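Work through the exercises below with the structure in view. Try each task before reading its solution.

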Amino acid sequence: MRILIVHHGTRPTLDQPVTGGALRASGMAEALEAAGHRVRLLARQQDEPGGFTSEEDLYQRARDWGPDRIIATQIEDAPALGAVGSPIAVDLYAPRVLESAFEGTLRNTSVATLRALAAGDVFLVSNPRQRWFWIGILAMAGIDVRTDPTLVVPLLAPQGPRRRTPKSPVFVAGGGSWPWQNPVPALERVLEHLDRRSEGRVVWYGGVPQGTDVSWTLPTHSRLKAAGWVDRPTLLRAYAGATAALDWMTSNPERELAFRFRHADYLGCGLPILTFPNSPLADVLGGAGWASHNIEATLDA
């Protein structure tokens with residue numbers, strides 16, 4: 001089949017950071033092409049040269065190519081794509097409704113979400129917890145949920161570099177300073193415990209996303225380094241050479257649903273993850289990490 005994937009963000013290259021939505025689109029394209037389908041990816045003009053410039057432009061480009069199926073990785077693009085007439089999958093990998101509550105945009109996002117769901121034929125989620133979150137919202141959008149309209153499509157874990165063990169403990173962590181994910185209280189406990197042990201350091205990858213306000217700032221500490229945004233090969237090499245990844249975040253409904261791209265990257269690099277039991281990571285970790293509220297005992301282990 002001819003499949004059109006519409007996304008936001010720049011796809012992976014060797015010299016710049018990558019957004020989650022672009023990683024999602026690239027991963028799905030890779031899998032679909034491996035299954036024998038013909039795939040075309042289309043981004044916004046602000047993300048990639050030759051991209052679409054408006055809803056009307058997106059609709060016209062999609063209609064001119066005439067895909068057999070369409071995947072919309074961002075909810076705001078779904079209504080325009082739904083008008084093309086091809087069956088459309090709306091990707092719900094990020095709980096945008098919950099994120100918007102922290103941004104103060106809940107009213108507008110709720111309306112946009114219902115419009116997007118009404119345009120879809122099938123709905124993609126990244127983990128089983130999200131399925132139950134979305135079912136009620138899908139019913140409110142007029143979707144018949146007597147037969148499950150969702151498909152679990154996990155985030156793609158990369159084939160990371162060869163694993164290396166550092167001589168002294170190195171913990172990696174990261175993400176954007178979004179208002180719905182606050183690592184500071186847990187990170188302060190980690191740093192205090194490393195001080196008590198007189199060993200170990202933490203390297204944070206990420207920062208303030210473009211166009212957003214600063215929601216929190218990292219603590220200043222001699223054992224913490226802020227590496228900022230780095231290109232993907234550099235990031236994966238750092239993960240493969242660390243002791244473990246830290247993903248202890250202040251609990252809230254969004255954090256209990258969202259499986260992030262960095263989580264898949266950690267696992268793809270063979271990196272153990274230290275997280276809270278209420279994280280969706282706890283559902284899949286098995287022996288690949290520790291899910292505990294006792295940060296200090298987990299670090300000791």
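**Exercise 1.** At what angle do helix α4 and helix α5 pack, and how far apart are their axes?

*Solution.* Two notes come first. This is a predicted model: local features need pLDDT of at least 70, side-chain atom pairs count only at pLDDT 80 or more, and totals for chains, interfaces and linings use all residues. Residues are numbered from 1 along each chain as its sequence is written, and side-chain values use heavy atoms, without hydrogens and water.

Step 1. Locate α4 at residues 96–103 and α5 at residues 106–119. Helices here are DSSP runs (H or I, at least four residues), and strands are too (E, at least two), numbered from the N terminus.

Step 2. Read the geometry: the angle is about 160° and the axes lie 8 Å apart. Axes are lines fitted to C-alpha atoms over the stretch in contact, and angles run from 0 to 180 degrees between N-to-C directions.

Step 3. Classify the pair. α4 and α5 are therefore roughly antiparallel (angles over 145 degrees).

**Exercise 2.** Which residues make the contact between α4 and α5?

*Solution.* Contact means heavy atoms within 4.5 Å. From α4 come Arg 96, Val 97, Ser 100 and Ala 101. From α5 come Leu 106, Thr 109, Ser 110 and Thr 113.

**Exercise 3.** Find what Leu 81 is in contact with, leaving aside its neighbours within four places in sequence.

*Solution.* Step 1. List the partners: Leu 4, Val 6, Leu 58, Ala 62, Ile 70, Ala 72 and Ile 88.

Terms used. Parallel < 35°, antiparallel > 145°, perpendicular 65-115°, else oblique.
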